[in-house]
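This report describes a single structure for a reader who has not seen it before. The sequence and the model come first, and the description follows.

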Amino acid sequence: MARSVTPFRPGYLRAVRASAWYDLVVTAGFATPWTYTVVHDALSKLGGGLGLGTLPALAPMEMLYANLMGSVVVVWALLRIVKPLAVHGLFDGVARTLFASWQAYALAHGAPRWLWLFFVVEVSFGVVELAPWGRARRVGLVRASA
């Protein structure tokens with residue numbers, strides 16, 4: 001009989017660490033103005049070349065928000081790589097739900113279609129990180145007040 005996946009099994013912590021590596025690789029380029037300029041241009045050229053849409057011209061506030069998001073996500077990813085804990089997966093799953101919600105909103109309002117790729121990854125990692133918590137709660141491994 002296959003054992004169910006719970007947040008308290010080593011496989012879950014490997015998933016938390018894998019999602020952190022994905023975040024680090026994808027988001028590191030957003031963390032500084034210099035690297036975000038390169039990422040912005042690359043995404044626009046790729047999206048334009050594939051007919052999936054381009055990003056608007058860089059503006060100071062867009063740069064600021066990209067750098068803030070990139071910096072926070074890089075630090076959060078490093079924490080999950082260095083010391084993955086089950087609760088980190090829970091909070092990361094919640095954050096992914098929020099990120100996916102805002103990505104869906106952007107897509108519904110004309111964002112470049114290549115954003116779907118990132119949306120699918122966010123939802124996938126979110127399910128991987130949140131589903132075991134739901135199962136653990138149903139079988140009584142996690143109290144409602146915990």
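## Surface and overall build

The protein chain exposes about 9000 Å², and carbon and sulfur atoms supply 73% of that area. The model is a predicted one. Of the 146 residues in the protein chain, 35% count as buried.

The protein chain contains 5 helices and 0 strands. Read from the N terminus, its elements follow the order α-α-α-α-α. Taken along the principal axes, the C-alpha atoms fill a box of roughly 50 × 30 × 30 Å. Among contacts in the protein chain with a separation of 6 or more, 70% are made by residues 24 or more positions apart.

## Charges

The protein chain carries 13 positive and 6 negative side chains. The centres of these two sets lie 16 Å apart.

There are 6 salt bridges in the structure. A network of salt bridges links Asp23, Arg80, Asp92, Arg96, Glu122 and Glu129. The next sections take up Arg96 and its partners.

## Arg96 and its salt bridges

Arg96 counts as buried because its relative accessibility is 2%, where buried means under 20%. Which residues does Arg96 meet in salt bridges? One of them is Asp23, with the closest N and O atoms 2.7 Å apart. This pair links distant parts of the chain, since Arg96 belongs to helix α4 and Asp23 to helix α1 (residues 10-27), 73 residues apart. Asp23 is buried, as is Arg96.

Arg96 also forms a salt bridge with Glu129, at 3.4 Å from N to O. With a relative accessible area of 0%, Glu129 is buried.

A further partner of Arg96 is Asp92, and here the N to O distance is 2.8 Å. Both residues are in helix α4, and because they are 4 residues apart, about one helical turn separates Arg96 from Asp92.

Is Asp92 buried or exposed? The relative accessibility of Asp92 is 3%, so this residue counts as buried. Its place in the chain is helix α4.

Leaving aside residues up to four places away in sequence, Asp92 touches Ser19, Asp23, Trp76, Arg80 and Glu129. Of these neighbours, Asp23, Arg80 and Glu129 also belong to the network of salt bridges that includes Asp92.

Trp102 counts as exposed because its relative accessibility is 56%, the cut-off for exposed being over 50%. By contrast, Arg96 and Asp92 are buried.

Trp102 is part of a nonpolar patch on the surface, together with Val94, Leu98, Phe99 and Tyr105. The accessible area of these residues together is about 540 Å².

## Summary

In this predicted model, the protein chain has 5 helices and 0 strands. Buried Arg96 forms salt bridges with Asp23, Asp92 and Glu129. Exposed Trp102 belongs to a nonpolar patch on the surface.

Terms used: Residues are numbered from 1 along each chain as its sequence is written. This is a predicted model: local features need pLDDT of at least 70, side-chain atom pairs count only at pLDDT 80 or more; totals for chains, interfaces and linings use all residues. Side-chain values use heavy atoms; hydrogens and water are left out. Patches are made of residues with over 30% relative accessible area and no salt bridge: like charges are joined within 9 Å, nonpolar side chains (Val, Leu, Ile, Met, Phe, Trp, Tyr) within 5 Å. Accessible areas come from the Shrake-Rupley method with a 1.4 Å probe; for residues, only the protein chains shown count as cover. A salt bridge is a side-chain nitrogen of Lys or Arg within 4 Å of a carboxyl oxygen of Asp or Glu. Buried means under 20% relative accessible area, exposed over 50%, partly exposed in between (1.4 Å probe, protein chains only). Helices (H or I, at least four residues) and strands (E, at least two) are DSSP runs, numbered from the N terminus. Contact means heavy atoms within 4.5 Å. Lys and Arg count as positive and Asp and Glu as negative; His and the chain ends are not counted. The place of a charge is taken as NZ of Lys, CZ of Arg, CG of Asp or CD of Glu.
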